[in-house]
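The entries follow the order in which I looked.

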Amino acid sequence: YKYVFLSRPRRFGKNLFLDTLCEIFSGNRELFRGLYIHDRYDFAPHPVIRIGFSGDLRSPAGVKNRLVDQLGINQKALGIACRREDVFDSCFAELIQLAFEKHQQKVVILIDEYDKAILDNLDQVHVALECREVIKSFYSVMKDCDSYIRFVFLTGVSKFTKTSVFSGLNNLEDISLVPQFGKICGYTGEDVRHHFPEILENTEYVRVEEWYNG
């Protein structure tokens, strides 16, 4: 796939999985010595853009500031300076193109908690809708820069319809409920029983399953 979306609950290892993807696409083969992928991927280094949502997202201005900050961090990491650093969507488009030109490799984009700006404002719906428009314009940049992009992976807690946020990404593949990717991050029940027997000793495991299965 080229554009992939994965929904999982919070504290489920999504960020760790993005760290893993980042190291793979950055070409750090030695980190994977002894693991399945080590001899099955060429580890050609790609420029990686990593966006994470945290901090004050209680207003559209807060979301814009967060995006500008994140793009600034990526510019520094990639050794690139955007001409319009203060305009998040223009800067994002420029960053993708300049990263491709500088490294002569297509760009990988990893986005963690794509929906946090909306979820943080469910108690003030009008603000949530405004924040949705901000991130929608940010994500739409990727459609126009498709020729420079190798791979995009987005994570979130919830799934929104493609028309509401990802209207420009018609080829976005949602793997959240695809059995093939069921164990891509987080723990299985078998993992928990095997690795944490002492903790589970006096636990009603049926209740644990009731809370967490699915």
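How do the residues of the lining of the largest pocket divide into nonpolar, polar and charged? I found 17 nonpolar, ten polar and six charged. Ala, Val, Leu, Ile, Met, Phe, Trp, Tyr, Cys and Pro count as nonpolar, Asp, Glu, Lys and Arg as charged, and the others, Gly among them, as polar.

**Ground rules.** I noted that this is a predicted model, in which local features need pLDDT of at least 70 and side-chain atom pairs count only at pLDDT 80 or more, while totals for chains, interfaces and linings use all residues. Residues are numbered from 1 along each chain as its sequence is written, and side-chain values use heavy atoms, with hydrogens and water left out.

**Overall build.** I counted eight helices and five strands in the protein chain. Helices (H or I, at least four residues) and strands (E, at least two) are DSSP runs, numbered from the N terminus. Along the sequence their pattern is β-α-β-α-α-β-α-α-β-β-α-α-α. The radius of gyration is 19 Å, close to the 17 Å that the globule rule gives for 214 residues, so the chain is as compact as a globular protein of that length. The radius is taken over C-alpha atoms, and the rule is 2.2 Å times the number of residues to the power 0.38.

I then looked up the extent of the C-alpha trace, which spans about 60 × 50 × 30 Å along its principal axes. Of the 214 residues, 42% count as buried (under 20% relative accessible area; exposed is over 50%, partly exposed in between; 1.4 Å probe, protein chains only).

**Largest pocket.** I went back to this pocket for its volume, which is about 1100 Å³. On a 1 Å grid over the protein atoms alone, a pocket is an open set of points where a 1.4 Å probe fits, with protein on both sides within 12 Å along at least five of seven lines; lining residues have an atom within 4 Å of a point. Grid points are joined across faces, edges and corners, and a volume is the space filled by probe spheres set on the points.

The lining has 33 residues, and F12, C185, G186, Y187 and T188 lie nearest the centre of the pocket. α1 (14-25), α6 (189-195) and α8 (205-212) each supply at least two lining residues. The largest share, five residues, comes from α8.

**Second largest pocket.** I read a volume of about 290 Å³ here. The lining includes Y1, F17, I37 and R150. α1 and β4 (149-156) each supply at least two of its residues, and α1 gives the largest share, five residues. By class, this lining has eight nonpolar, one polar and one charged residues.

**Single residues.** Most residues other than glycine have a negative phi. I looked up R11, where phi is positive, near 65 degrees. R11 sits in the loop between β1 (3-7) and α1 and counts as exposed at 84% relative accessibility.

E113 also has a positive phi, about 55 degrees, although it is not a glycine. Is E113 buried or exposed? At 16% relative accessibility, E113 counts as buried. Its place is the loop between β3 (107-112) and α4 (116-119).

My last entry is G189, in helix α6. G189 is partly exposed, at 28% relative accessible area. The C-alpha atoms of G189 and V208 are separated by 9.4 Å, and the two residues are 19 residues apart along the chain.
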